[in-house]
Amino acid sequence: MSWFEKKKEKVAIAPEKAIWAVCPKCASRFAPEEWKKASSICPKCGYAGRVSARARIAMTADEGTFKEVFREVSYSDHLKFRDAAGAYRDKIEATIRKTGETESIVMGTCEIGGIRAMLGVMDFSFMGGSLGTGTGERIARACEQAIEERRPLVIFSASGGARMHEGILSLMQMAKTSAAIGRLKEAGLAYISVLTDPTTGGVSASYAMLGDINITEPRALIGFAGRRVIENTIHQKLPDDFQSAEYLLEHGFIDRIVERKDMKAFIAKMLRYLSR
Amino acid sequence: MASEKTTKNLSAWERVKLARDPNRPHFRDFIALVASDFEELHGDRLVSDDKALAGGFATIDGRKVLVLGHNKGKNVEENMAANFGMANPDGYRKAMRLAKLAERFSIPVVTFVDTPGAYPGDTAEARGQAEAIAKSLEFFSLLKTPVVVVITGEGGSGGALAIAVGDKVLMMENAVYSVISPEGCAGILWRDGSKAPEAAEALKITAQDLKSLGAVDEIVKEPAGGAQKNHAAAAKAVKKAIIAALDELEGVDAEELVARRYEKIRSYGRFSK
């Protein structure tokens, strides 16, 4: 899986903290105030920068309607995994302390434009948004509750893929989430998937690509394998726009690229069309 | 190699080497030994016929089944033609097409999993590798006919899982099944690809490990020294396990079958605290 690809990307300083705000996509420089004013949207190329799950929820759910669920469902260290840097448990406990989140997806019920929905938002700052057993469990439970309460499901993905520290059981979450979404659809409910920057590996190859409607944001990275892995396989340099939102739209895997300012309204509109 | 006499106490890395042994029986070897008849069917009806993932109707123990399997090839030319068992989206879409046909006639599906992973190529991305795998996972979870899975060699991540969602998951004794290759994991978490043996150990990828984690149902014993030493004996054990699984699933109402399959998938890594 490819989430390490991202780790090595040389965007060490968040644009809003640097002397110059530098767009990670087009490398244009801006005064930090300008970047901030643009709400992490590059004024030059339109790239929609990464935001936390909480910020995304605030942009999406009607004010005061979001009720978080399954916060108690967290990681499980089934393998007692250790690598060169130490124990997985220590690493993820530190992540929990740092981010205040207990898994890579925040799930809750809410209203979007007045429509009752189940909303899940992934947070890339939590272990690279990796899909662990806790993440998969939250999504499966969300589907089951959504069926019970007749709510459509909206998931914003941001992930490097499966969480290898949880071994085979992280892989199995691809099956678990896809099966749960299959049941949700069979129950006559809509699933809207928003693939935000970046959505790759085991997450793009499971629930993120299964939307009745697949949406993304300008210039988001979406793909299965990592760019370097592919370049090493085909022995060729890939074009810059490879695996971009625009590339996926052109190849038929995305319904629409929606700008962040229009996202909530577009989701609400789709939910209205996809209701009985 | 330590596998001459016994394969009982092999390290995870030794199993990886056995699982990748070029002389290990592959899909076509198994079919020739397990089935009395096999009629291959080609193509996804969209783009191409993926040689890395083969399928067709077969007869096993007098029963009609649909078989699907990763195809690796025996020599360099065959390896190249089969893309070393790394399927394109076309392969997964062919698998779904054929399985849908099997469902219409209540024919059980038997899959043989043996792949380093889904093909990481530019055309694979352009045709939607992620979408094809995702769709396959959803599709097999809902399929209204029995699905028996046999992990025969390398279970390489999403490319393996795409045809490994089923009612009964069997795994050969020296097969491995992992979220990432040991080399890939070592490169990331150890920053050193040569630490693959350590990564293999940490990832818990052997049949024994997977059974205790609940990711596979049964381990199929291999002949002394490994399946590559005796294809006929290996195939005999696989055939016996497939027949037992088919027996168990025969006559189960389709709705009940899908409900049970969901419960099974749902239980993978179930959270309990």
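Predicted model: local features only at pLDDT ≥ 70, side-chain atom pairs only at ≥ 80, totals over all residues.

Colleague: How many aromatic pairs does a search of the whole structure find over all chains?

Modeller: The search finds 8 aromatic pairs over all chains.

Colleague: What makes Tyr75(A) and Tyr88(A) an edge-to-face pair?

Modeller: The ring centres of Tyr75(A) and Tyr88(A) are 5.8 Å apart, and the cut-off for a pair is within 6.5 Å. Their planes stand at 80°, and planes over 60 degrees apart count as edge-to-face. The pair is therefore edge-to-face.

Colleague: Where in chain A do Tyr75(A) and Tyr88(A) lie?

Modeller: Tyr75(A) belongs to the loop between strand 3 (67-69) and strand 4 (82-83), whereas Tyr88(A) is in helix 4 (residues 88-99). The two are 13 residues apart, and their pair links distant parts of the chain.

Colleague: Why does Tyr75(A) count as buried?

Modeller: Tyr75(A) has a relative accessibility of 1%. Buried means under 20%, so Tyr75(A) counts as buried. Tyr88(A), at 1% relative accessibility, counts as buried too.

Colleague: Why is the pair of Phe27(B) and Phe38(B) called edge-to-face?

Modeller: The distance between Phe27(B) and Phe38(B) is 6.1 Å centre to centre, and a pair requires centres within 6.5 Å. The angle between the planes is 85°; as the limit for edge-to-face is over 60 degrees, the pair of Phe27(B) and Phe38(B) is edge-to-face. Phe27(B) is in helix 2 (residues 27-34) of chain B and Phe38(B) in strand 1 (residues 37-40), 11 residues apart.

Colleague: Are Phe27(B) and Phe38(B) buried or partly exposed?

Modeller: Phe27(B), at 1% relative accessibility, counts as buried.

Colleague: Which residues form a negative surface patch?

Modeller: Asp240(A), Asp241(A), Glu246(A) and Glu250(A) form the patch. Asp241(A) is in the loop between helix 8 (227-234) and helix 9 (245-250) of chain A.

Colleague: Why is Asp241(A) called partly exposed?

Modeller: Asp241(A) has a relative accessible area of 41%.

Methods
Residues numbered from 1 in each chain as written. Chains lettered and ligands numbered in written order. Heavy atoms only, no water. Patch = residues over 30% accessible without salt bridge, like charges linked within 9 Å, V, L, I, M, F, W, Y side chains within 5 Å. Areas by Shrake-Rupley, 256 points an atom, 1.4 Å probe, with all protein chains shown as cover. Salt bridge = Lys/Arg side-chain N within 4 Å of Asp/Glu carboxyl O. Lys, Arg positive; Asp, Glu negative; His and termini not counted. Charge placed at Lys NZ, Arg CZ, Asp CG, Glu CD. Helix = DSSP H or I, 4+ residues; strand = E, 2+ residues; numbered from the N terminus. Buried < 20%, exposed > 50% of the residue type's maximum accessible area, 1.4 Å probe, protein only. Phe/Tyr/Trp six-rings, centres within 6.5 Å; stacked < 30°, edge-to-face > 60°.
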